[in-house]
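This briefing is meant to be read with the model open beside it. Please look first at the place where the chains meet, and then follow the topics one by one.

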There are 2 protein chains.
Amino acid sequence: MSQDNSLRDQIIALYDEMSPQLQQAARYVLENPQEVALVSMRGLARNAGVQPATMTRLAKFMGLAGYEDIRAYYAKAIRMRADGFAARAMERETTVPDQGSDLAQHMLQSLAAQITKLSEPESLARIQAVANRLNQARRIYVLGLRSCHSVAWHFHYVMTLLGEKTIHLDGPAGTGGDGLLHATDKDVLLVVSISPYALHSLELAAAAREQGMAVITITDSEVSPLIAISEVAVLCSTESQTFFHTLTPALAISEVLCGLLASQDRLGALEALQNADRHLQSLNTYANNIPRRRI
Amino acid sequence: MSQDNSLRDQIIALYDEMSPQLQQAARYVLENPQEVALVSMRGLARNAGVQPATMTRLAKFMGLAGYEDIRAYYAKAIRMRADGFAARAMERETTVPDQGSDLAQHMLQSLAAQITKLSEPESLARIQAVANRLNQARRIYVLGLRSCHSVAWHFHYVMTLLGEKTIHLDGPAGTGGDGLLHATDKDVLLVVSISPYALHSLELAAAAREQGMAVITITDSEVSPLIAISEVAVLCSTESQTFFHTLTPALAISEVLCGLLASQDRLGALEALQNADRHLQSLNTYANNIPRRRI
DNA sequence: ACAACTTTGCAACATATGTTTCATATTAAT
DNA sequence: ATTAATATGAAACATATGTTGCAAAGTTGT
């Protein structure tokens with residue numbers, strides 16, 4: 001496929017023949033190339049979650065004399081990037097390959113900007129408030145229909161790794177309203193909805209509120225119909241240069257919320273995680289060691 | 001002229017007050033900033049034609065604790081250039097109101113940086129290649145299990161607005177393999193999977209390939225087991241300061257792909273959209289006039 | 001010219017680094 | 001099931017690193 005001259009390509013090529021620990025080291029090296037040149041080997045090993053010796057072994061495995069050769073390679077790469085900087089800038093200016101390539105670039109840069117904006121104090125405060133409120137809740141019912149299903153599902157999925165605190169209102173049963181049958185005022189409803197707002201989401205949120213539950217919202221505007229019935233809310237921009245609204249900022253918020261919830265109950269999270277791990281392990285859900293062919 | 005905040009500027013400002021040897025060291029540092037981060041202090045001193053002690057003295061002279069601070073500064077500079085411009089925003093001092101607030105800030109800024117990185121030429125080219133390949137396909141089968149379900153679902157959902165080109169391999173039926181029953185070599189399988197890779201995704205992808213379908217992948221690494229069986233692939237970073245991997249970049253890629261596909265068939269997309277709109281309208285799925293009332 | 005002061009080079013120091021060795025754990029083969 | 005082979009973790013090792021102390025050289029002021 002690609003040439004085997006560069007060390008990077010060689011590592012990729014030989015990756016499948018490596019032992020698990022070597023793979024872990026190699027993967028970290030591939031994903032953090034500049035760290036190799038900037039951090040000591042022991043530091044790198046620590047960040048990669050690997051023994052120092054493993055880095056030396058990786059070098060030997062690659063047919064090199066020692067780790068210093070690996071560092072030298074990545075140091076040279078950094079030096080070269082500095083030299084070729086002007087050339088690269090030129091290339092970027094002149095390259096107009098596909099007609100859609102600039103659309104892709106614009107979309108990505110705009111998404112990055114939107115997420116950066118979420119990290120400003122006002123937005124941050126709201127996220128924190130939502131996290132605190134979610135933390136107090138006994139149970140979190142999660143609702144997201146249509147496009148927002150993906151965000152709701154992801155939130156629920158991550159939270160199940162942390163325990164059984166969330167219930168996903170999903171499918172014909174859940175969204176029928178009987179999903180909230182056992183909900184009390186100690187529980188909250190986290191609803192994700194953006195314009196155009198699914199009627200069903202509004203109805204369910206209203207029902208939850210009638211029932212005495214606090215409604216917590218991830219939505220796209222201060223004038224979203226959900227704001228009126230929400231105790232706290234976070235806003236996500238959904239602007240996109242396409243025909244559909246972006247959910248990437250909403251997903252980012254969802255992930256941050258999960259992160260905050262986990263960090264507020266660090267010990268519980270850790271324990272729940274180990275349980276989930278064991279469970280999935282026993283079910284053989286994930287590929288652990290990629291089949292190694294013998295030599 | 002310029003500010004005294006950056007170490008570089010500080011060295012320039014104090015240059016005239018330095019002793020000859022310190023000046024020589026400082027000059028070398030200013031002219032070879034990268035070397036500071038890439039070479040050991042003794043090596044740097046040798047190249048600068050100065051005693052090792054002089055480098056330490058330079059650090060002390062600049063009011064720093066030791067040489068390590070100088071190296072740290074120049075290492076950070078290198079890292080920042082690599083992480084793109086979004087990383088520059090990370091320079092902002094963290095306002096620390098709540099204990100978790102800086103976690104939220106870090107997560108968001110790092111997500112923004114990761115997405116910015118996707119807009120670099122190499123990554124952009126891969127996205128474009130994937131979009132082109134998807135465009136050629138007669139049908140797109142979409143697969144994403146576990147956490148990646150959210151991305152797969154979202155891709156499928158958006159694409160259904162554009163017509164009936166995609167089929168989501170979902171639920172016990174779809175993932176059983178009979179979902180691919182009617183697939184031919186004119187169809188492709190778009191699989192989303194990140195580490196740890198769901199065994200089932202790998203098996204289905206392998207089956208699809210056996211069947212003559214092209215496998216197209218959104219995954220997290222050049223050494224992902226899916227790369228080997230994929231015709232084209234896009235890489236998304238998943239690094240996160242939490243216990244789980246982020247899917248925000250993956251979702252961003254998914255959205256960009258949808259945008260590109262729509263723009264490549266602008267007329268068809270428009271027509272399909274109008275159909276979808278009419279359909280949902282007739283079902284009264286969305287709230288049109290929102291009854292706003294205060295509580 | 002002489003003393004007080006600063007700068008510089010050198011060597012010693014404690015520490016951190018990359019490597020190697022060896023015992024244990026894990027995996028594969030018979 | 002037992003043995004052989006390999007992979008891993010922990011500690012020991014020699015070396016390189018950043019720092020400090022001190023004496024020689026140089027500079028400045030009187």
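A salt bridge is a side-chain nitrogen of Lys or Arg within 4 Å of a carboxyl oxygen of Asp or Glu. In this predicted model, Arg79(B) and Glu35(A) form such a bridge, with their closest N and O atoms 2.6 Å apart. This pair crosses between the chains, running from helix H6 of chain B, where Arg79(B) lies, to helix H3 (residues 33–38) of chain A, which holds Glu35(A). Arg79(B) is partly exposed, with a relative accessible area of 26%, whereas Glu35(A) counts as buried at 11%.

**Where the chains meet**

- The size of an interface is often given as the accessible area lost when the parts come together.
- Between them, chain B and chain A bury about 7,300 Å², and 69% of this area is on carbon and sulfur atoms.
- The contact involves 84 residues from chain B and 84 residues from chain A.
- Across the contact there are 10 residue pairs in polar contact, both residues being at pLDDT 80 or more.
- Several helices of chain B, including H3 (33–38), H6 (67–83) and H9 (121–136), each supply at least two residues to the side that touches chain A.
- Helix H8 of chain B gives the most to that side, with 12 residues.
- The residues on this side of chain B divide into 44 nonpolar, 25 polar and 15 charged.

**Salt bridges**

- The count over all chains comes to 14 salt bridges, and the count between chain B and chain A is 4.
- Arg79(A) forms a salt bridge with Glu35(B), where the closest N and O atoms are 2.6 Å apart.
- Arg27(A) forms a salt bridge with Asp220(B), the closest N and O atoms being 3.8 Å apart, and this pair joins helix H2 (residues 20–31) of chain A to the loop between E4 and E5 of chain B.
- Both Arg27(A) and Asp220(B) are buried.
- Within chain A, the side chains of Glu231(A) and Arg133(A) meet in a salt bridge at 2.7 Å, N to O.
- Glu231(A) lies in the loop between strands E4 and E5 of chain A and Arg133(A) in helix H9, so the pair ties together parts that are 98 residues apart in sequence.
- Arg8(A), Arg126(B) and Glu222(B) are linked in a network of salt bridges.

**Two serines of chain B**

- Ser147(B) sits in the loop between strand E1 (140–144) and helix H10 (149–161) of chain B, and it is buried, with a relative accessible area of 16%.
- Beyond its neighbours within four places in sequence, Ser147(B) is in contact with residues of both chains, among them Trp153(A), His154(A) and Leu247(B).
- Ser224(B) is found in the loop between strand E4 (214–219) and strand E5 (232–235) of chain B, and it is buried, with a relative accessible area of 4%.
- The side chain of Ser224(B) makes a polar contact of 3.0 Å with the side chain of Thr219(B).

**Cysteines and the make-up of chain A**

- The count of disulfides over all chains is 0.
- The sulfur of Cys236(A) is too far for a bond, because the closest cysteine sulfur, in Cys148(A), is 7.5 Å away.
- Cys236(A) is buried at 2% relative accessibility, and Cys258(A) is buried at 0%.
- Chain A has 14 helices and 5 strands, and buried residues make up 52% of its 295 residues.

Notes:
Residues are numbered from 1 along each chain as its sequence is written. Chains are lettered from A and ligands numbered from 1 in the order in which they are written. This is a predicted model: local features need pLDDT of at least 70, side-chain atom pairs count only at pLDDT 80 or more; totals for chains, interfaces and linings use all residues. Side-chain values use heavy atoms; hydrogens and water are left out. A disulfide is a pair of cysteine sulfur atoms within 2.5 Å. Buried means under 20% relative accessible area, exposed over 50%, partly exposed in between (1.4 Å probe, protein chains only). Helices (H or I, at least four residues) and strands (E, at least two) are DSSP runs, numbered from the N terminus. Contact means heavy atoms within 4.5 Å. Buried area is the accessible area (1.4 Å probe) that two parts lose on being put together, summed over both. A polar contact is a pair of N or O atoms within 3.5 Å; within protein, one must be able to donate a hydrogen and the other to accept it, and residues adjacent in sequence count only if both atoms are side-chain atoms. Ala, Val, Leu, Ile, Met, Phe, Trp, Tyr, Cys and Pro count as nonpolar, Asp, Glu, Lys and Arg as charged, and the others, Gly among them, as polar.
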